[in-house]
Every structure is written in C-alpha cells, then in structure tokens.
Amino acid sequence: MSSQIWAQGICFRLCFFCLCFSFGCVRSQTKVAVGDAEAEGTVFIDGKASVGEIDDDFICATLDWWPPEKCDYGKCSWDHASLLNLNLNDDLFLNAVKAFSPLKIRLGGTLQDKVIYGTEDNKEPCIPFVRNSSELFGFSQGCLPMNRWDELNAFFKKSGAKIIFGLNALNGRTLNPDGSAVGPWNYTNAESLIRYTVNKNYSIHGWELGNELSGNGVGVRVTADQYASDTITLNNIVRSVYKYINPKPLVLGPGGFFDAGWFKEYIDKSAKSLDVATHHIYNLGPGVDEHLVEKILNPDYLDGEASTFSNLHGVVKSSTSSVIAWVGEAGGAYNSGHNLVSNAFVYSFWYLDQLGMASAYDTKTYCRQSLIGGNYGLLNTTTFVPNPDYYSALLWHRLMGRNALSTSFAGTKKIRSYTHCAKQSKGITMLLINLDNTTTVQAKVAFNSSWTLQHKSKHHRKTIIRLPQGSITGIVREEYHLTAKDGNLHSQTMLLNGNILSVDSSGNIRHLQPVHVNSTGPVIVAPFSIVFVHMPDVILPACR
C-alpha cells in the first residue's frame, strides 16, 4: 500500500479469507539454486480464538542419571553428562541455560527409580551406579550425595532454572518376574530429600513420581490404582513439608508412555492430588534405525503423533480435576538417539514440529531429552557448544507466545505450519517448516476471522495496529530463516539468515538477529529450511 493511503489513517477489516495478506521476503537469504522448483501456497490462520495455551516457559530440557558406562549399540555417548558428574562450572553451560530466563529442567530418567538420596537418615552406603547387566536397567543402585545436591542447586539458582525433580517410585516395591512391581511406595527416603531441600531453601518447581512405569512400563510396571494412591501420598507430603511456603511445588506423574485406559484411571483416582500428567515421546523408534531421516521428512509419519496428543487432551478434559498435560521427556529416537541425526540440523524439523503440534493440543510444557548427554542433547556432550536444536528452542522460547492458533497450509504437504500470538510483543509469530529438498515455497497468509490494520491516529478511539515509524512502504515484519551449513542436513552447524550461529569467545550466546522485511510479497521458504515470521502489526481477536 502507498504511504498516502496510510497517511489518511484508513482502517481495513478483512473477514473470512476475503484477502490473502502477502508479506515480503529477503531473497538474498533464501536464494533458489538454478533448476530448483518453486510452488505457491497459502497459510490459513484462524484468529478468532486460541486452540491451545502453553506456559510462558514452555521450553524444558532434561538432565539424566546415566554414567559414562551407558552404551547403546556399542557406542557410549553420555561421557560426563550425568547429574552426578556434570561440570557445573563451565561458563558456556551456565550461559546456555541463562539465555532462556528461565529454562525448565526436569531431573530424571530411567535410573531415577534406582536412586537413593544420601540424607542423614539414609542407612545405606551412598555409592555411585555400577554397570551390572544382571540388574534392572543394567546398573546397580546409585546414590545422590547431599553435597552434590547442594552443588546442583547452587547452579540452578545462578542460572535461574526452574527445576522438576523425578523421585524414585520403585522404592519399597516387590519386583516380580513378569515385570510387575507390587506393593505401596516407600516414601521415607523421598520425604527426607524433600525436607532437606526445604530446609536449605532450595526452589523446586515440581516433584514428579517415577519414570516410565505406566501402562506396560519399560522393564517394570505399576498399576494405575497403586500409582494413584502413591501420588496422593506424595501430594500429602508436599502439602505438609511446604505448609507455610507458597507457592507450593507441583505434583507430577506418571512420567511414562501414554496408555489411554491406564492414564484415565490414574488421573481419575488421583483426584485433586495430581497437578500435571506427564507423558514421554520417542515416536521415531530406536536410535540405531537407519531410516530416521526418512521418518522426519515424511509429513504423514509426523502426523502420526497427533493421536497421542489428542487422546491425552481428551482424557485431561474429561477429568473432574484441574490437571494439565506436559510432555515430560521426548528424545524422538530412544536409546540415546543417533549421532549426526538427533544432534544435527535435520532434527529441528522433528523437534519444532513436535513443539507446534503439542501446543495445538494444549500441552503446557515440553521437556526435550536432553539438555546435555547422549546423541540428542541440545548442547554438545563434551564441549557444551549448542547443537542446532538449541537455537530452534531458543527462538521458539523468545518468539512464540502462549496462545496457539489453528493453522493450516493449502499447497504442498511438505510445509508444516504453526502460529502463535507473539511473545512479549504485539502481533503473531508464524513457524513454517519446508521438508522438501528441491522446492522453494512462496507462502501467502490469509485469516478467517476479522482483523485490523490501522495507522496510528488520535482520531480513532482504539488503535489495534500501528505502522512502524519511518516506514513508507507498508508493514514491516521480522524473519528468521534457519538452514544447514552447506545444505547438509547432518551438519551440526545452523545458519540464521545465512550467518553461522555460534557463541562468542567468552562463551556467551549471541543475539539472534532477524531480517526486517517490507510487505512486498509472500514469505519465501527455501528447500530444507525453517522460518519464524514475526508479524507485529497483525492483531487477531485471539491475541488482544
């Protein structure tokens, strides 16, 4: 539109797909190679109401218990990334966590149900895990010394992280040969840790009971009825120990794979003792699978996980309690992931698609396995240098607001599209993922609800969108184009608008700069690329 029209302060209302609102591009960042195909499409955004609402600190990552001896398929990828031996004094590690302000961190994993806590009343030796193939999960019982718990909490306070601690839920139970664990939870050691934590004034966002013991379990299982009873016990402990402290930590469970019948019984019988129902996702299969990339690039395969989100959402909504849903752990490919896949650029296609899908089904928090450790860490296990998914998570955290909007794409199936109200800003942020290796997509945007464009004018009683000062050619948006170095999907180097993302010499996370674009055309989504598009001057009813 011309500057003369804007100067007149004319207000335009556009309703139910009456106009595809086009936004421009910077072709220097998305240049198409000779011979590449081009296609057009339209992103349809329903801005009448949100379809899901996430936490402001939706992004979460995990720290695990695995010792260096944890190996999968003959490869040992954990090094010193365990809660018991992780270097907490590395500046880059600290800065990587602080960049989120705050980052939720879930402490847990397979071995959490074999951890005892070295509190004063613990009578057992406080010794580390030892590899033993005859033991459950392949390791002996391990112990968390209180001096290490002190060190961890000092780091959490310094970094501003919000901590969810996974408690040992197998303590006191009898393990049967058929994989069932029977009897009530022996909570004495856990209660002792909780009391120690409160006495030390350590801040804990939530206490979670157990890891992957729901449904058929992984190696061992507990019935929903017994788990609900134990969750009520945990809630009573939390209420008692935190009696004079507010706000109180959340009570979470079961931290396992979704089983509709089991989860429904568990949530119903936990009554109001459960705050958060947590489930795990490893929908890509084993890390040794040589077809991981094919699955990630297949939109039909990615769509398959929607049923889990939908079914859990239904169970939660049908509950009489106020329980909410989190993804408590998601690594995509289990058994530590796959080197140069789950720690490379290609994994951001899966990861960001998961974040978008989870949000659309009202998932409040999404915990990525892992922050560091294995082949799926957001950070390199030995150097702490961010992997591509770290930057994807950070951009999501800074750009995507709480309200998720219904979004669809008309055109190629290879475009994945998600939209949220913008975070800490007016407008909306759109996420586009191009799974095609040769086709550049020109994406227009259309809205199927009323929205307003209006120049700042004192003659209008309300101003919904204001033209940025100094602009004479139309609305300005911000674009963040993410690509792999040299176009290699297995690269561990990500480019933002053509520039390599890296930390500075002091170990600081650099500012993530967008390109500013005028409204001269559609969003250009290059092959095998990801684009965040912040449109500060588009205000929808769901975002007011």
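The model is predicted. The structure holds four disulfides and 25 aromatic pairs. Its largest pocket has a volume of about 430 Å³.

**Disulfides**

- Counted along the chain, the bonded cysteines follow the pattern 1-6, 2-3, 4-5, 7-8.
- Cys 60 and Cys 367 are joined by a disulfide with their sulfur atoms 2.2 Å apart. The link of Cys 60 and Cys 367 is right-handed, with 85° about the S-S bond. This pair links distant parts of the chain, since Cys 60 belongs to strand β4 (residues 59–63) and Cys 367 to strand β17, 307 residues apart.
- The cut-off for buried is under 20% relative accessible area.
- Cys 71 is bonded to Cys 76, with an S to S distance of 1.8 Å. The link of Cys 71 and Cys 76 is right-handed, with 90° about the S-S bond. Cys 71 counts as partly exposed, at 29% relative accessibility.
- A disulfide also connects Cys 421 and Cys 543, whose sulfur atoms are 2.0 Å apart. The torsion about the S-S bond of Cys 421 and Cys 543 is about -85°, so this disulfide is left-handed. Because Cys 421 lies in strand β19 and Cys 543 in the segment after β28 (529–535), the pair ties together parts that are 122 residues apart in sequence. Cys 421 counts as buried, at 7% relative accessibility.

- Among the 25 aromatic pairs of the structure is the tilted pair of Phe 93 and Phe 384, with 5.3 Å centre to centre and 40° between the planes.
- Phe 93 is part of helix α2 (residues 91–98), and Phe 384 is part of the loop between β17 (365–368) and α11 (388–399), so the pair ties together parts that are 291 residues apart in sequence. Phe 93 and Phe 384 are both buried.
- One aromatic cluster is formed by Trp 65, Tyr 117, Trp 149, Phe 165 and Trp 207.

**Charges over rings**

- Lys 70 places its charged end over the ring of Trp 66, at 4.2 Å from the ring centre.
- Arg 368 has its charged end over the ring of Tyr 351, at 4.7 Å from the ring centre.

**The largest pocket**

- The lining of the largest pocket comprises 22 residues, of which Asp 303, Thr 407, Arg 416, Ser 417 and Tyr 418 are the closest to the pocket centre.
- Helices α8 (299–303) and α10 (347–360), together with strands β18 (400–410) and β19 (415–422), each supply at least two lining residues.
- By residue class, the lining divides into 11 nonpolar, eight polar and three charged residues.

**Asn 499**

- Asn 499 is found in strand β25 (residues 499–500).
- With a relative accessible area of 51%, Asn 499 is exposed, the cut-off for exposed being over 50%.
- Asn 499 and Leu 482 are 17 residues apart along the chain, and their C-alpha atoms are separated by 9.3 Å.

Definitions and conventions
Residues numbered from 1 in each chain as written. Predicted model: local features only at pLDDT ≥ 70, side-chain atom pairs only at ≥ 80, totals over all residues. Heavy atoms only, no water. 1 Å grid on protein atoms, 1.4 Å probe; cavity = no way out; pocket = protein on both sides within 12 Å on 5 of 7 lines; lining within 4 Å. Points joined across faces, edges and corners; volume = space filled by probe spheres on them. Helix = DSSP H or I, 4+ residues; strand = E, 2+ residues; numbered from the N terminus. Nonpolar A, V, L, I, M, F, W, Y, C, P; charged D, E, K, R; others polar. Phe/Tyr/Trp six-rings, centres within 6.5 Å; stacked < 30°, edge-to-face > 60°. Buried < 20%, exposed > 50% of the residue type's maximum accessible area, 1.4 Å probe, protein only. Lys NZ or Arg CZ within 6 Å of the ring centre and 35° of its normal. Disulfide = S-S within 2.5 Å.
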